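Here's a quick briefing to read alongside the model. Have the sequence and the 3D view open as you go.

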Amino acid sequence: MTDQAVRGGTQGAATAADGFVGRERELRLLRTDIERAGLHTLAGRPAPYGRVLLVAGRPGSGRTALAGELVRRIAGRYPDGVLRARLSGPTGVPVPAERTARELLAALRTPAPPAGADEDEVTGALRDALAGRRVLLLLDDVADSGQLLDLLPDNRHCLVVAVARGPLTGVSDVRPCVLGGLDRGAAVELLRRRSGAAPRITVDPRRAEALAEACGDLPAALLLVAGWLAARPKLSVSDATARLEEIPAGADPRRPDVLLRAFRLAHGGLPGPAARLLRLLAVAPAGFADAQIASALAGCPVPDAEGVLAGLAGAGLLHPAAPGAYRVPGCLAPLLRAELHARERPAEVMLARARMLERTVRQLGACRAAADPDGAAAARRLEAFPRHLRFPGRAAARAWLEERLPALAAAVRPAADEAGGELDSLARRLALGLARAGEAHHGREAAAPESYRLHELVLELAERGGRQRERAAALLRLADLDLRTGRLRQAAGRYRAALDAARDCGDTPAAVRALESLGDTYRELGDQARAADWYGRALEHHHAAGAWPEAARLHGRQGAAHAGAGRWEEALRAWRASAALHRRLRDAPGYARALGEAARALERAGRAPEALRTGRDALAAAARARDTGLQRELRLLLAAASEAAGDAEGARAHRDAADLLCAGTGSSGPGGEPGPAATDGGSAVTAGATCESNSHQKKN
């Protein structure tokens with residue numbers, strides 16, 4: 001059984017090895033609830049979805065730790081693994097069900113619907129993937145019932161452990177396990193383990209109980225106070241209790257906020273630079289921070305930032321998230337934001353955020369460069385980045401990206417919205433950097449869903465700022481993704497919008513690409529006439545700019561569109577124009593192929609003699625280009641043209657030569673006998689010409 005943690009999934013779920021204490025009664029109740037017959041069963045109706053266990057409690061109550069410990073103890077019952085996901089960001093904004101479903105499908109190694117598919121299709125694919133499995137799902141920070149219902153498996157052999165602030169009334173047959181504080185003995189034991197003050201607590205258990213009571217027996221508050229006490233070995237437990245009770249604890253003194261009080265004690269005991277960095281972590285992407293992010297936020301050297309982060313984690317103010325990386329606990333995120341707004345000037349916060357985004361964009365560039373194949377060019381690209389931003393290899397860069405992708409994707413919108421749009425440019429660069437790095441490491445198809453979301457955000461930023469050039473680029477990227485996934489009408493609409501935006505800002509290259517792409521889209525739709533028309537409009541720009549290689553290629557596409565519509569004369573003109581340009585450019589393979597298509601158009605138009613002459617010219621060009629595959633195609637085309645001209649023997653000779661070319665042995669000689677090897681570029685043409693000459697002589 002493997003534990004599959006979804007990207008951005010639950011972090012810091014305490015286990016026995018991590019120091020999990022207490023909650024034995026709650027664990028017994030939850031395990032009993034698994035076996036309890038549900039209301040659907042008692043009513044004689046099968047449950048419509050998998051069993052749900054709900055752990056409810058306010059932030060800081062240890063609800064995630066309890067759920068994680070339960071999962072650790074019962075995971076062996078679910079041979080198909082454990083899936084984890086967090087359904088809300090650090091600011092409480094729900095994660096879209098479509099994104100979570102895609103991440104769960106990726107953890108199951110199951111193909112997901114294409115990029116841009118609607119939410120119901122993606123969540124339906126997840127339910128289908130879970131239908132034949134016995135899986136345990138841990139869904140943390142559930143915002144509401146609807147969010148949970150979208151992800152529930154239809155399979156009754158799956159179990160869902162949900163963590164939420166309160167009851168989820170929209171989910172039937174669920175009895176929440178509501179958490180308060182720890183029992184007093186467990187609270188004291190947690191203090192003893194995490195404070196490094198075991199002797200101080202052992203010799204004075206009554207005062208240790210008083211300290212636990214002052215913390216409301218709340219696990220998060222206990223951990224903060226324990227960290228504060230561990231850093232002060234000369235202070236007693238009584239000193240800690242007195243300091244804690246001196247701190248104001250919210251607006252209502254009758255109901256003190258013990259977590260706020262413990263946070264203020266821990267924050268107030270930090271050195272100035274460490275306290276400021278902690279506050280600035282409120283703007284870290286999804287609360288995720290490593291030494292690079294912390295260094296950029298605080299404007300300090302990377303080694304210094306690394307040491308401060310380790311110290312904050314030791315004080316219980318951060319949770320480990322990955323090697324060298326940390327996450328702000330969800331219960332502390334709003335307290336950090338309040339301290340940030342109270343103590344830091346807005347301009348300084350914006351500057352720190354801009355430094356962080358700029359550093360992250362550069363790291364993404366280095367990550368993308370590390371995905372390039374080994375070679376001098378890739379090495380030169382990596383050398384353009386500072387040494388501390390480089391990656392030792394492709395595997396390290398990919399691991400870095402996978403750990404940070406959810407957090408960085410979540411940081412794009414706040415970067416734009418919370419700064420009133422002043423950081424739109426950096427947010428756009430971050431989104432594009434994420435999309436490009438994802439495509440470089442995961443491939444275009446695998447990265448398409450995330451790229452689609454990122455480009456939608458880039459489009460939104462461009463439209464908000466009235467930047468038509470960026471809007472055109474974003475529309476083109478989204479339309480390309482729509483085209484690849486078969487949403488052809490939507491692609492056509494976006495290409496038209498991109499064309500209008502490109503014309504408005506005078507971006508001719510983007511306008512031409514939109515015109516060509518419209519032609520490609522209408523060909524996919526089967527409207528060959530409109531496709532040829534759009535290609536023709538793009539051709540006008542290529543001819544005006546003297547872009548002859550592009551014009552040669554596009555004449556060929558236009559010819560193919562005309563041929564698809566059965567307009568053989570128009571197709572012939574287009575292919576002849578393409579051939580003339582390829583010949584002018586000294587592109588022998590392109591010239592041969594264009595001539596071959598012209599011969600095909602002549603043959604379909606019923607002009608067999610002209611088709612034979614043009615086909616022979618094309619065959620000679622293909623031989624000079626040493627394109628054996630094209631030679632074989634042309635042999636078959638010449639065979640059809642010979643039959644249409646009433647030359648059965650010539651047709652047979654061409655087919656024999658095509659068979660020999662397919663086998664790679666050579667061409668046929670006069671009368672269909674084997675001739676020189678096909679690797680000799682001119683032999684196939686000579687043999688074919690001799691065959692035709694002999695057959696015509698016999699007819700005459």
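This is a predicted model: local features need pLDDT of at least 70, side-chain atom pairs count only at pLDDT 80 or more; totals for chains, interfaces and linings use all residues.

The protein's mean pLDDT is 82, with 87% of its residues at 70 or more. Helices α26 and α27 pack at about 160°, α24 and α26 cross at roughly 25°, and α1 and α3 pack at about 55°.

**Confidence**

- Residues 5–18 have pLDDT below 50, yet this stretch still has 40 contacts in the model beyond near neighbours in sequence.
- Residues 39–44 also sit below 50, and here the count beyond near neighbours in sequence is eight contacts.

**Helices α26 and α27**

- Helix α26 spans residues 548–564 and helix α27 spans residues 568–584; their axes are 8 Å apart, at an angle of about 160°.
- Angles over 145 degrees count as roughly antiparallel, and that makes α26 roughly antiparallel to α27.
- The two helices cross with a left-handed sense.
- On the α26 side, the contact is made by W548, A551, A552, H555, G556, Q558, G559, A560, H562 and A563.
- On the α27 side, it's W568, E570, A571, A574, W575, A577, S578, L581, H582 and R584.
- Sorted by class, this contact has 11 nonpolar, seven polar and two charged residues.

**Helices α24 and α26**

- Helix α24 (residues 508–525) also meets α26: the axes come within 11 Å and cross at roughly 25°.
- The cut-off for roughly parallel is under 35 degrees, and α24 and α26 are therefore roughly parallel to each other.
- This crossing is left-handed.
- From α24, the residues involved are E516, D520 and R523, which meet R553, L554, R557, A560 and A561 of α26.
- Split by class, the contact of α24 with α26 has three nonpolar, no polar and five charged residues.
- A560 is worth a click: in α26 it touches α27, and it also shows up in the contact with α24.

**Helices α1 and α3**

- α1 brings E24, E26, L27, L30, R31 and I34 to the contact, and α3 brings L66, E69, L70, R73 and I74.
- By class that comes to six nonpolar and five charged residues, with no polar ones.

**The β7-β9-β8 sheet**

- Three strands make an open sheet in the order β7-β9-β8, with antiparallel pairing.
- β7 (288–290) and β8 are the edge strands, each with a single partner, so one side of each has no neighbour in the sheet.
- From one strand to the next, the twist averages 40°.
- β8 (residues 319–322) and β9 (residues 325–327) run antiparallel and are joined by three bridges.
- Within that pairing, H319 stands opposite R327 of β9, while A322 has A325 of β9 as its bridge partner.
- β8 and β9 form a hairpin with two residues between them.
- In the turn, G324 has a positive phi of about 80°.

Methods: Residues are numbered from 1 along each chain as its sequence is written. Side-chain values use heavy atoms; hydrogens and water are left out. Axes are lines fitted to C-alpha atoms, for helices over the stretch in contact, and angles run from 0 to 180 degrees between N-to-C directions. Helices (H or I, at least four residues) and strands (E, at least two) are DSSP runs, numbered from the N terminus. Angles under 35 degrees count as roughly parallel, over 145 as roughly antiparallel, 65 to 115 as roughly perpendicular and the rest as oblique. A crossing is left-handed if the near helix is turned anticlockwise from the far one by less than a right angle, and right-handed if clockwise. Contact means heavy atoms within 4.5 Å. Ala, Val, Leu, Ile, Met, Phe, Trp, Tyr, Cys and Pro count as nonpolar, Asp, Glu, Lys and Arg as charged, and the others, Gly among them, as polar. Two strands pair if DSSP finds at least two bridges between them. pLDDT is the predictor's confidence in each residue, from 0 to 100.
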